[in-house]
Amino acid sequence: MEKLLKGKKILLGITGGIAAYKAILLTRLFIKSGAEVRVLLTPSATNFVSPLVLATLSKHKVLSALADNDEWSNHVELGRWADLFIIAPLTCNSLAKLATGICDNLLMATYFSATCKVLVAPAMDADMWKHPSVKRNLDIIKQDGVGIIPVEDGELASGLVGEGRMAEPASILVHAIEEYFRSNELTGKSILINAGPTIEHIDPVRFISNHSSGKMGIAIAEECYLRGASVTFVSGPIEQTIEYKGIRCLKVTSASEMYEQVISLFPMADVAILSAAVADYSPARIEPEKIKKHQSEWILELVKTKDILAQIGHTKTSNQKVIGFALETENELSNAVKKMKAKCLDAIVLNTTKDRDATFGYDTNKITIIDSAENIHAYDLKSKKAVAKDIVDFLISTYND
Ligand code: CTP
């Protein structure tokens, strides 16, 4: 798991509801993402989750009482230590205390003295969740600056099905990273990324496509977003989805749809990174009915698609940067340089099918970046997420030149 929260300090507050069992997984997820975690429980939460398990996972004593064996727990210190205080689950009762200033346990005392940001993940039964007083209290804490993770829809502890389930630990982690831990190296930059294959229909049941999974483009989009950029991601048909809800995702199918979408979005972008495996040829016609196998031979007429990258490379302004990809099987460097020049790019990312465990479908990739002055930056085989970091570091360095 990526250490996206390396060096960050998370204070996890657990209040007394059934969803408290999920706090164990939440603690583990935060620790695996590199954060230091300290845990606070309300007295009633100790009925739902074991302090011993949480203390073992977090490698710190779990605190619950304001005083322990004549020793006073310093609630001010914890709220100042943390970068983020997450209360998950937040019960109806504890929500009411946050909204009205009732300070009757260590968790509440820590909340009222915390100087860090606070994020809560409510968990309630369906009718409770809909109660007007809950809505009122949520509005109050929102006005107080508390972040609220939306509840999920599904089966509840009561047996009812509806809204009120606490968000899953993985979504809480993503939400926390997205809202509180993005860096600002690309803040103010608008970045357009495309990815995945395109599908060129032949008839209602057949099409031409390729093996692109879109993983590299997703990793680049997420990395740009985590570094503070505003990101628009245009993809052909791919299975994997983008984790962060702040990334604008648009779906297309064919090369001509990809062209229209990218061309219309490019004027608003500061940077475009085109990683899509766009079809170079498309059937001259899409047959309205299924083609029957009457003939012994069938020659499919194909026409060249428009080159999106070349079009934006040639029309970019001096304030815009365009980075393309090149997939080569021979004369890799010289072909990539030719492509970069022909398409008027600021840089090109070269992939070759000769590298094992790289390109289509793999979770790893091996790239060489060639910049407009033809400097060559070669990288080792790494995870696509790590490759995305290298590409974004390269992009940021071009702004600092
Ligand atoms: N590309 C594009 N529009 C197309 C074809 C390719 O925008 N119709 C972009 C790809 O997204 C990639 C770059 O062009 O960023 C290079 O793609 P690649 O397949 O390596 O090369 P081509 O330009 O298609 O040339 P060739 O297939 O002859 O190597």
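Mentor: Let's start with a term we'll need: a polar contact is a pair of N or O atoms within 3.5 Å, and within protein one must be able to donate a hydrogen and the other to accept it. Keep in mind that this is a predicted model.

Now, the layout. As for who takes part in the contact, 5 residues come from domain 1 and 6 residues from domain 2.

How much area goes into that meeting? Between them, domain 1 and domain 2 bury about 450 Å², and 51% of that is on carbon and sulfur atoms. On the domain 1 side, look at Val174, Ile177 and Glu178: these lose the most area to domain 2, and together they make up 86% of what that side buries.

Next, the polar side of things. There are 3 residue pairs in polar contact between domain 1 and domain 2, counting pairs with both residues at pLDDT 80 or more. Find glutamate 179 and lysine 245 in the view: their side chains meet in a salt bridge, with N to O at 3.6 Å.

Now slide over to the ligand. It has 16 residues around it, and the closest are Leu274, Ala276, Phe325, Lys339 and Lys343. Phenylalanine 325 has a polar backbone atom 2.9 Å from an oxygen atom of the ligand. Leucine 327 also places a backbone N or O atom 2.9 Å from a ligand oxygen atom. With threonine 305, a polar side-chain atom sits 3.3 Å from a nitrogen atom of the ligand. Altogether, the protein covers 76% of the 570 Å² of accessible area that the ligand has on its own.

Technical notes: Residues are numbered from 1 along each chain as its sequence is written. This is a predicted model: local features need pLDDT of at least 70, side-chain atom pairs count only at pLDDT 80 or more; totals for chains, interfaces and linings use all residues. Side-chain values use heavy atoms; hydrogens and water are left out. Contact means heavy atoms within 4.5 Å. Buried area is the accessible area (1.4 Å probe) that two parts lose on being put together, summed over both. A salt bridge is a side-chain nitrogen of Lys or Arg within 4 Å of a carboxyl oxygen of Asp or Glu. A residue is near a molecule or strand if one of its heavy atoms lies within 4 Å of it. Accessible areas come from the Shrake-Rupley method with a 1.4 Å probe; for residues, only the protein chains shown count as cover.
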